[in-house]
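Please look over the sequence and the structure before reading on.

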Amino acid sequence: MRVSYSDGYVVALPEGHPFPMEKFPALRDILLRDGLLRPGDIGVPAPADWDQLRLVHTNQYLDTLRHGRMDRKAERRMGLPWSEQLVQRSRLAVGGTVQAARMALQDGIAANLAGGTHHAFPDHAEGFCVLNDMGVAIRLLRAEGHIERALVIDLDVHQGNGTAAVFAQDEASFTFSMHGERNYPFAKVASSLDVGLPDGTGDADYLAQLQTHLPAIFAAARPDLVFYLAGVDPLAGDRFGRLQLTEAGLRQRDRAVLSTIRQHDVPAVLLMSGGYAPTPQETARLHAITHHEAAAVFSLPSLHATSIFPTPP
Ligand SMILES: [Zn+2]
């Protein structure tokens, strides 16, 4: 699978900051080590340019961000200290999702080893999310005539409030968020479909909900392109999660989503979103599960092909 990755995805944060910045190179290293990624399949993205960002974000917000004029309150809400490197990093991550979307349209599946920054609103940053990468990618590819309809499957444990706000008036983009109802963000923004789960939800209830909703989501969305936010923060023990999934449950979750994508033969982009295990390396190891499952699901002969060509003896 081709992926987007840049060394510029990492920017220094103050000692003790809760955001696991080191998970990005750690995931790349795990994928290379596990043979899921060849060095030649890494595409280094260009930073999204300001005109592309304007497809989603307001001029006022982008000017504030670009020139470092964010006030203390806005910076606190962002959850990251402003720096020129942070702005560049955020633009690179958007560029990576745009590039991964283009690769997915060619290859069927691709990933950005970052992205899924679903708390970024058109007019402000929030919850470690500066720019809304799905929003920019969908708007840009649509403007270029590559896609019409899009589906965002957001299984990060936190509700995709920013993405819901970006696409609130967009009939051609379906947003699905399944999350902890009592977790951040406490003021939710309505997605096309929200499933809020009680604290402590475990594998069985979680997977039952997912299996119930996936077919209807695809029927309603009729997507040309799917974005899967495979956050690993629904895992039991996550620092900012409140659910109780096991690692096997996370694996089954990814298998269910990816199999459904495969069945519908729709190009898909894998994005990381959140995960707050005890170390960035452990968080990266959990994110690698999604890539292992994608390799397994997408190396299967396509249902389309097997229905036409008989299996060789
Ligand atoms: Zn999250």
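Two strands are said to pair if DSSP finds at least two bridges between them, and helices (H or I, at least four residues) and strands (E, at least two) are DSSP runs, numbered from the N terminus. The model is predicted, so that local features need pLDDT of at least 70 and side-chain atom pairs count only at pLDDT 80 or more, while totals for chains, interfaces and linings use all residues. Residues are numbered from 1 along each chain as its sequence is written, and side-chain values use heavy atoms, with hydrogens and water left out.

Strand E5 covers residues 173-180, and its pairings are set out below.

| Partner of E5 | Sense | Bridges | Residues standing opposite |
|---|---|---|---|
| E4 (residues 150-154) | parallel | five | Asp-154 and Ser-177 |
| E6 (residues 193-197) | parallel | five | Ser-177 and Asp-194 |

Eight of the eight residues of E5 are buried, so the strand is largely enclosed by the rest of the structure; buried here means under 20% relative accessible area, with exposed over 50% and partly exposed in between (1.4 Å probe, protein chains only). Together with helix H7 (residues 161-166), E4 and E5 make a right-handed β-α-β unit, where right-handed means that, with the strands pointing away from the viewer, the path from the first strand over the helix to the second runs clockwise.

**The zinc site**

The zinc ion has as protein donors Asp-156 (OD), Asp-156 (OD), His-158 (ND1) and Asp-233 (OD), which lie 1.9 to 2.6 Å from it; donors are N, O and S atoms within 2.8 Å of the metal (3.2 Å for Na, K and Ca), and since water is not among the atoms, sites may look incomplete. Asp-156 lies in the loop between E4 and H7, whereas Asp-233 lies in the loop between strand E7 (225-229) and helix H9 (247-264), so the pair ties together parts that are 77 residues apart in sequence. Both Asp-156 and Asp-233 are buried.

**Gln-159**

The loop between E4 and H7 also holds Gln-159, which counts as buried because its relative accessibility is 0%. Its side chain reaches the backbone oxygen of Val-189 at 2.5 Å, and a polar contact of 3.4 Å joins it to the side chain of Ser-191; a polar contact is a pair of N or O atoms within 3.5 Å, where within protein one must be able to donate a hydrogen and the other to accept it, and residues adjacent in sequence count only if both atoms are side-chain atoms.
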